[in-house]
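Please read it alongside the sequence and the model shown here.

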Amino acid sequence: MNLKSERRGIHVDQSELLCKKGCGYYGNPAWQGFCSKCWREEYHKARQKQIQEDWELAERLQREEEEAYASSQSTQGAQSLTFSKFEEKKTNEKTRKVTTVKKFFTASSRAGAKKAEIQEAKAPSPSINRQASIETDRVSKEFIEFLKTYHKPGQDIYKQCKLFLDTMNHKRDLSIEEQSECAQDFYQNVADKLQTRWKVPPEKVEKAMDQIEKYIMTRQYKYVFCPETTDDEKKDLAVQKRIRALHWVTPQMLCVPVNEEIPEVSDMVVKAITDIIEMDSKRVPRDKLACITKCSKHIFNAIKITKNEPASADDFLPTLIYIVLKGNPPRLQSNIQYITRFCNPSRLMTGEDGYYFTNLCCAVAFIEKLDAQSLNLSQEDFDRFMTGQTSPKKQESDSFSPDVCLGVKQMCKSLDLLSQLNERQERIVSEAKKLEKDLIDWTDGITKEVEDIVEKYPLEIKPKSQALAAIDSENVENDKLPPPLQPQVYAG
Ligand SMILES: [Zn+2]
(Lines give C-alpha, C1' and ligand atoms only; values in the text may rest on other atoms or scores of the structure.)
Protein backbone atom coordinates (compact mmCIF):
# COMPACT_ATOMS: atom_id res chain seq x y z
CA MET A 1 0.00 0.00 0.00
CA ASN A 2 1.34 3.34 -0.93
CA LEU A 3 0.92 5.58 2.09
CA LYS A 4 2.54 8.53 0.43
CA SER A 5 0.11 8.78 -2.46
CA GLU A 6 -1.35 12.22 -3.03
CA ARG A 7 -4.67 12.82 -1.31
CA ARG A 8 -6.65 14.84 -3.78
CA GLY A 9 -10.27 14.35 -2.89
CA ILE A 10 -10.79 13.91 0.81
CA HIS A 11 -9.42 16.66 2.88
CA VAL A 12 -11.16 18.81 5.43
CA ASP A 13 -9.43 21.73 7.00
CA GLN A 14 -9.90 21.53 10.75
CA SER A 15 -11.35 25.04 10.73
CA GLU A 16 -14.16 23.76 8.47
CA LEU A 17 -15.38 21.62 11.35
CA LEU A 18 -16.09 24.72 13.41
CA CYS A 19 -19.22 26.87 13.51
CA LYS A 20 -19.32 29.22 10.53
CA LYS A 21 -20.13 32.12 12.78
CA GLY A 22 -16.64 31.82 14.22
CA CYS A 23 -17.74 31.30 17.82
CA GLY A 24 -15.22 28.46 18.19
CA TYR A 25 -17.68 25.64 18.83
CA TYR A 26 -18.08 22.65 16.50
CA GLY A 27 -20.50 23.17 13.64
CA ASN A 28 -22.66 20.57 11.99
CA PRO A 29 -24.15 20.04 8.51
CA ALA A 30 -27.53 19.42 10.15
CA TRP A 31 -27.36 22.95 11.54
CA GLN A 32 -26.18 24.28 8.19
CA GLY A 33 -22.63 24.66 9.45
CA PHE A 34 -23.58 26.50 12.64
CA CYS A 35 -23.00 25.24 16.14
CA SER A 36 -26.05 24.31 18.17
CA LYS A 37 -26.13 27.72 19.90
CA CYS A 38 -25.81 29.86 16.74
CA TRP A 39 -28.17 27.56 14.86
CA ARG A 40 -30.84 28.02 17.48
CA GLU A 41 -30.38 31.77 17.23
CA GLU A 42 -30.76 31.62 13.45
CA TYR A 43 -33.61 29.16 13.68
CA HIS A 44 -35.32 31.31 16.25
CA LYS A 45 -35.12 34.36 14.00
CA ALA A 46 -36.55 32.43 11.06
CA ARG A 47 -39.25 30.95 13.24
CA GLN A 48 -40.25 34.26 14.76
CA LYS A 49 -40.61 35.62 11.23
CA GLN A 50 -42.69 32.60 10.28
CA ILE A 51 -44.94 32.95 13.32
CA GLN A 52 -45.40 36.64 12.53
CA GLU A 53 -46.38 35.78 8.96
CA ASP A 54 -48.72 33.07 10.17
CA TRP A 55 -50.43 35.49 12.53
CA GLU A 56 -50.87 37.99 9.76
CA LEU A 57 -52.28 35.32 7.48
CA ALA A 58 -54.65 34.09 10.18
CA GLU A 59 -55.84 37.62 10.89
CA ARG A 60 -56.34 38.39 7.22
CA LEU A 61 -58.25 35.17 6.69
CA GLN A 62 -60.50 35.92 9.61
CA ARG A 63 -61.12 39.45 8.33
CA GLU A 64 -61.93 38.12 4.87
CA GLU A 65 -64.24 35.55 6.30
CA GLU A 66 -66.08 38.10 8.41
CA GLU A 67 -66.43 40.38 5.42
CA ALA A 68 -67.67 37.50 3.32
CA TYR A 69 -70.13 36.49 6.04
CA ALA A 70 -71.45 40.05 6.28
CA SER A 71 -72.09 40.19 2.57
CA SER A 72 -73.24 36.59 2.22
CA GLN A 73 -76.62 37.12 3.86
CA SER A 74 -77.92 37.56 0.30
CA THR A 75 -75.35 35.67 -1.82
CA GLN A 76 -75.07 32.05 -0.76
CA GLY A 77 -71.98 31.04 -2.78
CA ALA A 78 -69.60 33.62 -1.36
CA GLN A 79 -68.95 31.83 1.91
CA SER A 80 -68.06 28.52 0.37
CA LEU A 81 -65.78 30.32 -2.06
CA THR A 82 -63.92 32.00 0.77
CA PHE A 83 -63.79 28.76 2.64
CA SER A 84 -62.23 26.93 -0.27
CA LYS A 85 -59.72 29.75 -0.57
CA PHE A 86 -58.97 29.33 3.09
CA GLU A 87 -58.54 25.58 2.67
CA GLU A 88 -56.16 26.15 -0.19
CA LYS A 89 -54.04 28.55 1.84
CA LYS A 90 -54.01 26.17 4.71
CA THR A 91 -52.68 23.41 2.46
CA ASN A 92 -49.94 25.73 1.28
CA GLU A 93 -49.03 26.45 4.85
CA LYS A 94 -48.70 22.79 5.64
CA THR A 95 -45.94 22.36 3.10
CA ARG A 96 -43.99 25.07 4.86
CA LYS A 97 -43.08 22.74 7.73
CA VAL A 98 -44.08 25.19 10.44
CA THR A 99 -47.28 23.97 11.95
CA THR A 100 -48.29 27.09 13.81
CA VAL A 101 -51.35 27.66 11.65
CA LYS A 102 -52.26 24.03 11.99
CA LYS A 103 -52.07 24.44 15.74
CA PHE A 104 -54.63 27.24 15.62
CA PHE A 105 -57.12 25.24 13.65
CA THR A 106 -56.51 21.71 14.81
CA ALA A 107 -59.06 20.23 17.16
CA SER A 108 -57.41 18.94 20.31
CA SER A 109 -59.06 15.54 19.88
CA ARG A 110 -57.07 15.03 16.70
CA ALA A 111 -53.83 15.34 18.60
CA GLY A 112 -54.81 12.46 20.85
CA ALA A 113 -55.79 10.25 17.95
CA LYS A 114 -52.52 10.98 16.22
CA LYS A 115 -50.55 10.15 19.31
CA ALA A 116 -52.15 6.76 19.55
CA GLU A 117 -51.41 6.23 15.87
CA ILE A 118 -47.73 6.99 16.37
CA GLN A 119 -47.49 4.72 19.34
CA GLU A 120 -49.09 1.89 17.42
CA ALA A 121 -46.85 2.32 14.42
CA LYS A 122 -43.78 2.51 16.61
CA ALA A 123 -44.53 -0.74 18.39
CA PRO A 124 -42.43 -3.32 16.54
CA SER A 125 -43.19 -6.42 18.60
CA PRO A 126 -44.48 -7.17 22.11
CA SER A 127 -41.16 -8.69 23.24
CA ILE A 128 -39.15 -5.65 22.15
CA ASN A 129 -41.70 -3.43 23.87
CA ARG A 130 -41.46 -5.41 27.08
CA GLN A 131 -37.68 -5.22 26.96
CA ALA A 132 -37.86 -1.48 26.41
CA SER A 133 -40.18 -0.98 29.34
CA ILE A 134 -37.91 -3.08 31.57
CA GLU A 135 -35.05 -0.84 30.54
CA THR A 136 -37.15 2.28 31.17
CA ASP A 137 -37.94 1.05 34.69
CA ARG A 138 -34.32 0.27 35.38
CA VAL A 139 -33.22 3.72 34.15
CA SER A 140 -35.91 5.37 36.33
CA LYS A 141 -34.76 3.51 39.42
CA GLU A 142 -31.14 4.40 38.75
CA PHE A 143 -32.12 8.02 38.21
CA ILE A 144 -33.94 8.20 41.53
CA GLU A 145 -31.02 6.54 43.31
CA PHE A 146 -28.68 9.00 41.69
CA LEU A 147 -30.83 12.00 42.68
CA LYS A 148 -30.82 10.90 46.30
CA THR A 149 -27.16 11.90 46.46
CA TYR A 150 -28.25 15.46 45.60
CA HIS A 151 -30.72 15.67 48.53
CA LYS A 152 -33.19 18.57 48.19
CA PRO A 153 -32.11 19.71 44.68
CA GLY A 154 -32.53 16.06 43.67
CA GLN A 155 -36.28 16.28 44.30
CA ASP A 156 -36.54 19.50 42.35
CA ILE A 157 -34.61 18.00 39.45
CA TYR A 158 -36.99 15.04 39.42
CA LYS A 159 -40.03 17.35 39.43
CA GLN A 160 -38.61 19.37 36.52
CA CYS A 161 -38.01 16.20 34.51
CA LYS A 162 -41.53 14.92 35.19
CA LEU A 163 -42.96 18.27 34.18
CA PHE A 164 -40.95 18.24 30.98
CA LEU A 165 -42.10 14.70 30.11
CA ASP A 166 -45.73 15.68 30.71
CA THR A 167 -45.35 18.77 28.54
CA MET A 168 -43.79 16.69 25.80
CA ASN A 169 -46.69 14.26 25.94
CA HIS A 170 -48.98 17.12 25.06
CA LYS A 171 -46.76 18.32 22.26
CA ARG A 172 -46.64 15.19 20.17
CA ASP A 173 -48.31 16.86 17.22
CA LEU A 174 -45.66 19.55 17.00
CA SER A 175 -43.01 19.26 14.32
CA ILE A 176 -39.87 17.42 15.36
CA GLU A 177 -37.91 20.69 15.15
CA GLU A 178 -40.23 22.25 17.70
CA GLN A 179 -40.01 19.22 19.98
CA SER A 180 -36.25 19.38 19.65
CA GLU A 181 -36.34 23.02 20.63
CA CYS A 182 -38.36 22.17 23.74
CA ALA A 183 -35.75 19.61 24.72
CA GLN A 184 -32.89 22.05 24.11
CA ASP A 185 -34.68 24.71 26.17
CA PHE A 186 -35.17 22.18 28.92
CA TYR A 187 -31.49 21.22 28.98
CA GLN A 188 -30.51 24.84 29.17
CA ASN A 189 -33.00 25.71 31.92
CA VAL A 190 -32.04 22.75 34.06
CA ALA A 191 -28.31 23.44 33.63
CA ASP A 192 -28.87 27.06 34.65
CA LYS A 193 -30.96 26.06 37.65
CA LEU A 194 -28.41 23.46 38.75
CA GLN A 195 -25.76 26.15 38.87
CA THR A 196 -27.65 29.20 40.10
CA ARG A 197 -30.69 28.07 42.08
CA TRP A 198 -29.62 24.71 43.45
CA LYS A 199 -25.95 25.66 43.79
CA VAL A 200 -24.69 22.33 42.55
CA PRO A 201 -20.88 22.39 42.25
CA PRO A 202 -19.74 22.61 38.58
CA GLU A 203 -18.11 19.16 38.58
CA LYS A 204 -21.45 17.62 39.60
CA VAL A 205 -23.50 19.61 37.07
CA GLU A 206 -22.20 17.68 34.08
CA LYS A 207 -22.82 14.36 35.76
CA ALA A 208 -26.34 15.42 36.68
CA MET A 209 -27.01 16.61 33.12
CA ASP A 210 -25.91 13.21 31.75
CA GLN A 211 -28.29 11.43 34.11
CA ILE A 212 -31.15 13.79 33.24
CA GLU A 213 -30.58 13.22 29.54
CA LYS A 214 -30.52 9.48 30.10
CA TYR A 215 -33.78 9.57 32.03
CA ILE A 216 -35.80 11.77 29.73
CA MET A 217 -34.49 10.39 26.43
CA THR A 218 -35.00 6.75 27.41
CA ARG A 219 -38.68 7.72 27.72
CA GLN A 220 -38.84 10.01 24.70
CA TYR A 221 -36.97 7.73 22.33
CA LYS A 222 -39.90 5.86 20.85
CA TYR A 223 -41.72 9.08 19.97
CA VAL A 224 -38.88 11.16 18.63
CA PHE A 225 -36.48 8.71 17.01
CA CYS A 226 -37.07 8.64 13.24
CA PRO A 227 -40.62 10.03 13.57
CA GLU A 228 -43.05 9.46 10.72
CA THR A 229 -43.56 13.18 10.29
CA THR A 230 -40.00 13.55 8.95
CA ASP A 231 -38.17 12.17 5.93
CA ASP A 232 -35.50 10.64 8.19
CA GLU A 233 -36.37 7.11 7.10
CA LYS A 234 -36.21 8.09 3.44
CA LYS A 235 -32.77 9.57 4.03
CA ASP A 236 -31.67 6.39 5.84
CA LEU A 237 -32.63 4.29 2.85
CA ALA A 238 -30.90 6.68 0.46
CA VAL A 239 -27.63 6.55 2.41
CA GLN A 240 -27.84 2.79 2.75
CA LYS A 241 -28.37 2.43 -0.99
CA ARG A 242 -25.53 4.82 -1.72
CA ILE A 243 -23.12 2.90 0.54
CA ARG A 244 -24.13 -0.36 -1.11
CA ALA A 245 -23.46 1.14 -4.53
CA LEU A 246 -19.97 2.09 -3.33
CA HIS A 247 -19.09 -1.44 -2.14
CA TRP A 248 -16.13 -1.59 -4.54
CA VAL A 249 -14.22 1.32 -2.94
CA THR A 250 -10.84 0.14 -1.64
CA PRO A 251 -8.73 1.67 1.15
CA GLN A 252 -6.17 2.58 -1.52
CA MET A 253 -8.69 4.74 -3.39
CA LEU A 254 -9.49 6.68 -0.22
CA CYS A 255 -5.78 6.86 0.69
CA VAL A 256 -6.59 5.24 4.01
CA PRO A 257 -3.38 4.70 5.98
CA VAL A 258 -4.54 1.40 7.45
CA ASN A 259 -2.91 -1.92 6.59
CA GLU A 260 -5.38 -4.66 7.40
CA GLU A 261 -2.82 -7.37 6.72
CA ILE A 262 -1.40 -6.59 10.15
CA PRO A 263 -3.63 -8.74 12.42
CA GLU A 264 -3.71 -6.12 15.17
CA VAL A 265 -4.87 -3.47 12.70
CA SER A 266 -7.54 -5.67 11.19
CA ASP A 267 -8.74 -6.34 14.73
CA MET A 268 -9.06 -2.57 15.34
CA VAL A 269 -10.97 -2.15 12.07
CA VAL A 270 -13.45 -4.86 13.09
CA LYS A 271 -13.92 -3.22 16.49
CA ALA A 272 -14.47 0.21 14.92
CA ILE A 273 -17.13 -1.24 12.61
CA THR A 274 -18.83 -3.00 15.53
CA ASP A 275 -18.92 0.25 17.51
CA ILE A 276 -20.48 2.30 14.75
CA ILE A 277 -23.10 -0.39 14.10
CA GLU A 278 -23.83 -0.62 17.82
CA MET A 279 -24.80 3.06 17.88
CA ASP A 280 -28.27 2.21 16.55
CA SER A 281 -29.04 -0.06 19.51
CA LYS A 282 -28.64 2.74 22.09
CA ARG A 283 -31.55 4.92 23.13
CA VAL A 284 -29.79 7.77 24.91
CA PRO A 285 -28.11 10.34 22.62
CA ARG A 286 -25.04 10.38 24.81
CA ASP A 287 -24.69 6.58 24.61
CA LYS A 288 -24.87 6.88 20.84
CA LEU A 289 -22.15 9.52 20.96
CA ALA A 290 -20.03 7.21 23.11
CA CYS A 291 -20.23 4.57 20.35
CA ILE A 292 -18.95 7.09 17.80
CA THR A 293 -16.12 8.08 20.13
CA LYS A 294 -15.16 4.45 20.76
CA CYS A 295 -15.19 3.77 17.03
CA SER A 296 -13.00 6.83 16.39
CA LYS A 297 -10.45 5.74 18.99
CA HIS A 298 -10.14 2.33 17.38
CA ILE A 299 -9.57 4.08 14.06
CA PHE A 300 -6.82 6.24 15.56
CA ASN A 301 -5.19 3.11 16.95
CA ALA A 302 -5.38 1.29 13.62
CA ILE A 303 -3.65 4.22 11.91
CA LYS A 304 -1.06 4.48 14.67
CA ILE A 305 -0.10 0.81 14.41
CA THR A 306 0.07 0.94 10.61
CA LYS A 307 2.14 4.11 10.40
CA ASN A 308 4.12 3.57 13.56
CA GLU A 309 3.40 7.17 14.50
CA PRO A 310 0.39 9.06 15.89
CA ALA A 311 -2.46 9.58 13.42
CA SER A 312 -3.19 13.04 12.09
CA ALA A 313 -6.64 14.55 11.58
CA ASP A 314 -6.02 14.25 7.83
CA ASP A 315 -5.66 10.48 8.19
CA PHE A 316 -8.71 10.19 10.39
CA LEU A 317 -11.54 11.42 8.16
CA PRO A 318 -10.81 9.16 5.14
CA THR A 319 -10.49 6.20 7.49
CA LEU A 320 -13.78 7.05 9.15
CA ILE A 321 -15.37 7.21 5.69
CA TYR A 322 -13.89 3.78 4.93
CA ILE A 323 -15.26 2.35 8.19
CA VAL A 324 -18.73 3.75 7.48
CA LEU A 325 -18.61 2.30 3.94
CA LYS A 326 -17.52 -1.09 5.27
CA GLY A 327 -20.00 -1.15 8.13
CA ASN A 328 -23.04 0.45 6.45
CA PRO A 329 -24.47 1.27 9.91
CA PRO A 330 -28.26 0.92 10.17
CA ARG A 331 -30.41 4.09 10.23
CA LEU A 332 -27.37 6.32 10.01
CA GLN A 333 -29.24 9.53 9.17
CA SER A 334 -31.92 8.92 11.79
CA ASN A 335 -29.24 8.46 14.43
CA ILE A 336 -27.40 11.61 13.40
CA GLN A 337 -30.63 13.60 13.33
CA TYR A 338 -31.74 12.21 16.68
CA ILE A 339 -28.42 13.11 18.32
CA THR A 340 -28.49 16.56 16.75
CA ARG A 341 -32.03 17.22 17.95
CA PHE A 342 -32.04 15.67 21.40
CA CYS A 343 -28.51 15.50 22.75
CA ASN A 344 -27.49 17.95 25.43
CA PRO A 345 -26.06 20.62 23.07
CA SER A 346 -23.04 21.38 25.23
CA ARG A 347 -21.77 17.89 24.43
CA LEU A 348 -21.90 18.44 20.69
CA MET A 349 -20.32 21.87 20.72
CA THR A 350 -17.07 21.02 22.52
CA GLY A 351 -14.98 18.10 23.70
CA GLU A 352 -14.01 14.86 22.00
CA ASP A 353 -17.59 13.59 21.62
CA GLY A 354 -18.44 16.78 19.73
CA TYR A 355 -15.32 16.51 17.58
CA TYR A 356 -15.93 12.92 16.54
CA PHE A 357 -19.62 13.53 15.94
CA THR A 358 -18.84 16.46 13.64
CA ASN A 359 -16.39 14.23 11.77
CA LEU A 360 -19.03 11.54 11.36
CA CYS A 361 -21.45 14.09 9.90
CA CYS A 362 -18.69 15.17 7.51
CA ALA A 363 -18.00 11.55 6.55
CA VAL A 364 -21.66 11.00 5.67
CA ALA A 365 -21.73 14.25 3.67
CA PHE A 366 -18.62 13.03 1.80
CA ILE A 367 -20.15 9.65 1.08
CA GLU A 368 -23.18 11.37 -0.40
CA LYS A 369 -21.03 13.31 -2.88
CA LEU A 370 -18.10 10.92 -3.38
CA ASP A 371 -16.99 11.15 -7.03
CA ALA A 372 -14.23 9.98 -9.37
CA GLN A 373 -11.86 12.74 -8.35
CA SER A 374 -12.13 12.16 -4.62
CA LEU A 375 -11.29 8.48 -5.21
CA ASN A 376 -8.38 9.27 -7.52
CA LEU A 377 -10.14 7.51 -10.41
CA SER A 378 -10.92 8.45 -13.99
CA GLN A 379 -14.55 9.32 -14.69
CA GLU A 380 -14.85 6.26 -16.99
CA ASP A 381 -13.59 3.87 -14.31
CA PHE A 382 -15.84 5.45 -11.68
CA ASP A 383 -18.90 5.11 -13.93
CA ARG A 384 -18.07 1.50 -14.78
CA PHE A 385 -17.63 0.58 -11.11
CA MET A 386 -20.84 2.39 -10.14
CA THR A 387 -22.89 0.62 -12.80
CA GLY A 388 -21.30 -2.69 -11.85
CA GLN A 389 -19.92 -3.30 -15.35
CA THR A 390 -16.61 -4.19 -13.82
CA SER A 391 -15.03 -4.26 -10.42
CA PRO A 392 -11.62 -3.04 -9.35
CA LYS A 393 -11.10 -6.46 -7.81
CA LYS A 394 -10.95 -8.02 -11.26
CA GLN A 395 -8.24 -5.56 -12.16
CA GLU A 396 -6.21 -6.04 -9.00
CA SER A 397 -6.17 -9.71 -8.13
CA ASP A 398 -4.53 -9.12 -4.75
CA SER A 399 -7.37 -7.11 -3.23
CA PHE A 400 -10.06 -9.04 -1.47
CA SER A 401 -13.69 -8.54 -0.73
CA PRO A 402 -14.01 -6.73 2.60
CA ASP A 403 -15.80 -9.62 4.28
CA VAL A 404 -13.14 -12.27 3.64
CA CYS A 405 -11.55 -13.34 6.93
CA LEU A 406 -7.83 -13.16 7.59
CA GLY A 407 -7.24 -16.95 7.36
CA VAL A 408 -8.80 -17.14 3.92
CA LYS A 409 -6.78 -14.14 2.82
CA GLN A 410 -3.57 -15.79 4.02
CA MET A 411 -4.49 -19.03 2.27
CA CYS A 412 -5.16 -17.20 -0.98
CA LYS A 413 -1.83 -15.45 -0.68
CA SER A 414 -0.04 -18.78 -0.10
CA LEU A 415 -1.79 -20.37 -3.07
CA ASP A 416 -0.75 -17.42 -5.12
CA LEU A 417 2.87 -17.84 -4.01
CA LEU A 418 2.77 -21.57 -4.80
CA SER A 419 1.50 -20.96 -8.28
CA GLN A 420 4.24 -18.38 -8.77
CA LEU A 421 6.84 -20.92 -7.61
CA ASN A 422 5.38 -23.53 -9.95
CA GLU A 423 5.65 -21.09 -12.81
CA ARG A 424 9.26 -20.38 -11.97
CA GLN A 425 10.12 -24.05 -11.79
CA GLU A 426 8.55 -24.71 -15.15
CA ARG A 427 10.57 -21.88 -16.57
CA ILE A 428 13.78 -23.32 -15.12
CA VAL A 429 13.06 -26.78 -16.57
CA SER A 430 12.37 -25.36 -20.00
CA GLU A 431 15.52 -23.23 -19.80
CA ALA A 432 17.53 -26.32 -18.87
CA LYS A 433 16.08 -28.24 -21.82
CA LYS A 434 16.94 -25.39 -24.07
CA LEU A 435 20.50 -25.38 -22.73
CA GLU A 436 20.82 -29.12 -23.37
CA LYS A 437 19.59 -28.67 -26.90
CA ASP A 438 22.00 -25.79 -27.41
CA LEU A 439 24.90 -27.98 -26.28
CA ILE A 440 23.93 -30.77 -28.65
CA ASP A 441 23.52 -28.30 -31.47
CA TRP A 442 26.90 -26.84 -30.68
CA THR A 443 28.65 -30.24 -30.76
CA ASP A 444 26.89 -31.09 -34.00
CA GLY A 445 27.89 -27.75 -35.47
CA ILE A 446 31.54 -28.23 -34.60
CA THR A 447 31.57 -31.76 -36.03
CA LYS A 448 29.99 -30.55 -39.23
CA GLU A 449 32.44 -27.71 -39.54
CA VAL A 450 35.38 -30.07 -39.09
CA GLU A 451 33.97 -32.42 -41.66
CA ASP A 452 33.45 -29.59 -44.07
CA ILE A 453 37.01 -28.45 -43.67
CA VAL A 454 38.32 -32.00 -44.04
CA GLU A 455 36.26 -32.35 -47.18
CA LYS A 456 37.44 -29.06 -48.56
CA TYR A 457 41.09 -29.74 -47.76
CA PRO A 458 41.47 -33.54 -48.04
CA LEU A 459 44.73 -35.16 -46.92
CA GLU A 460 46.73 -36.14 -50.10
CA ILE A 461 49.59 -38.62 -49.85
CA LYS A 462 51.87 -38.22 -52.89
CA PRO A 463 53.92 -41.19 -54.38
CA LYS A 464 57.54 -41.24 -53.14
CA SER A 465 59.30 -43.13 -56.15
CA GLN A 466 60.27 -40.17 -58.21
CA ALA A 467 61.87 -38.47 -55.37
CA LEU A 468 64.02 -41.52 -54.61
CA ALA A 469 65.20 -41.70 -58.20
CA ALA A 470 66.15 -38.15 -58.05
CA ILE A 471 68.20 -38.80 -55.00
CA ASP A 472 69.87 -41.63 -56.83
CA SER A 473 70.45 -39.66 -59.98
CA GLU A 474 72.38 -37.19 -58.05
CA ASN A 475 74.64 -39.92 -56.89
CA VAL A 476 77.57 -39.48 -59.11
CA GLU A 477 79.34 -42.58 -57.97
CA ASN A 478 76.51 -44.80 -59.10
CA ASP A 479 78.29 -46.26 -62.05
CA LYS A 480 81.19 -47.43 -59.89
CA LEU A 481 78.92 -49.75 -58.11
CA PRO A 482 78.56 -53.35 -59.20
CA PRO A 483 75.51 -54.16 -61.23
CA PRO A 484 72.51 -55.34 -59.25
CA LEU A 485 72.18 -59.02 -58.70
CA GLN A 486 70.09 -60.79 -61.23
CA PRO A 487 67.86 -63.62 -60.08
CA GLN A 488 69.20 -66.90 -61.24
CA VAL A 489 67.52 -70.26 -61.52
CA TYR A 490 69.47 -73.22 -60.21
CA ALA A 491 68.66 -76.67 -61.29
CA GLY A 492 69.01 -78.88 -58.50
ZN1 LIG B 1 -21.55 29.10 16.80
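## Basis of the description

This is a predicted model, in which local features need pLDDT of at least 70 and side-chain atom pairs count only at pLDDT 80 or more, whereas totals for chains, interfaces and linings use all residues. Residues are numbered from 1 along each chain as its sequence is written, and side-chain values use heavy atoms, with hydrogens and water left out.

## Overall architecture

The protein chain contains 19 helices and 0 strands, where helices (H or I, at least four residues) and strands (E, at least two) are DSSP runs numbered from the N terminus. Of the 492 residues in the protein chain, 37% are buried; buried means under 20% relative accessible area, exposed means over 50%, and partly exposed lies in between, with a 1.4 Å probe and protein chains only.

Contacts, defined by heavy atoms within 4.5 Å, can also be sorted by sequence separation. Among those in the protein chain between residues at least 6 apart in sequence, 72% join residues at least 24 apart.

## Helix 6 and its cover

Helix 6 comprises the 19 residues 151-169, which at 1.5 Å a residue should span 27 Å, and the 28 Å between its end C-alpha atoms agrees with this; the expected span is 1.5 Å times one less than the number of residues.

The buried residues in helix 6 are P153, G154, D156, I157, C161, F164, L165 and M168. Their cover includes helix 5 (126-148), helix 7 (176-196) and helix 8 (202-224). As a general point, an α-helix has 3.6 residues a turn, so residues three or four places apart point the same way.

Helix 10 (residues 263-278) has 16 residues and reaches 22 Å from its first C-alpha to its last, close to the 22 Å expected at 1.5 Å a residue. Its buried residues are V265, S266, M268, V269, A272, I273, D275 and I276, and what covers them includes helix 11, helix 12 (313-327) and helix 15.

Helix 10 and helix 11 pack with their axes 8 Å apart and at an angle of about 165 degrees; axes are lines fitted to C-alpha atoms, for helices over the stretch in contact, and angles run from 0 to 180 degrees between N-to-C directions. The two helices are therefore roughly antiparallel to each other, given that angles under 35 degrees count as roughly parallel, over 145 as roughly antiparallel, 65 to 115 as roughly perpendicular and the rest as oblique. Helix 10 contributes E264, V265, M268, K271, A272, D275, I276 and E278 to the contact, and helix 11 contributes C291, I292, K294, C295, H298, I299, N301, A302, I305 and T306. These contact residues divide into 10 nonpolar, 3 polar and 5 charged, where Ala, Val, Leu, Ile, Met, Phe, Trp, Tyr, Cys and Pro count as nonpolar, Asp, Glu, Lys and Arg as charged, and the others, Gly among them, as polar.

## Helix 11 against helix 13

The axes of helix 11 (residues 285-307) and helix 13 (residues 332-342) come within 9 Å and cross at roughly 125 degrees, and the two helices are therefore oblique to each other. On the helix 11 side, P285, K288, L289 and I292 meet N335, Y338, I339 and F342 of helix 13. The residues of this contact divide into 6 nonpolar, 1 polar and 1 charged.

## Buried residues within helices

S296 lies in helix 11 and is buried, with a relative accessible area of 0%. Not counting residues up to four places away in sequence, S296 touches F316 and Y356.

G354, in helix 15 (residues 351-369), is likewise buried, with a relative accessible area of 0%. With residues up to four places away in sequence again left out, G354 touches Y26, R347 and L348. The C-alpha atoms of G354 and Y25 are separated by 8.9 Å, although these residues are 329 residues apart along the chain.

## Loop residues with positive phi

Most residues other than glycine have a negative phi, and most peptide bonds are trans. C255, in the loop between helix 9 (232-245) and helix 10, has a positive phi near 55 degrees; C255 is buried, with a relative accessible area of 9%.

N308 lies in the loop between helix 11 and helix 12, and its phi is also positive, near 60 degrees. N308 is exposed, with a relative accessible area of 71%.
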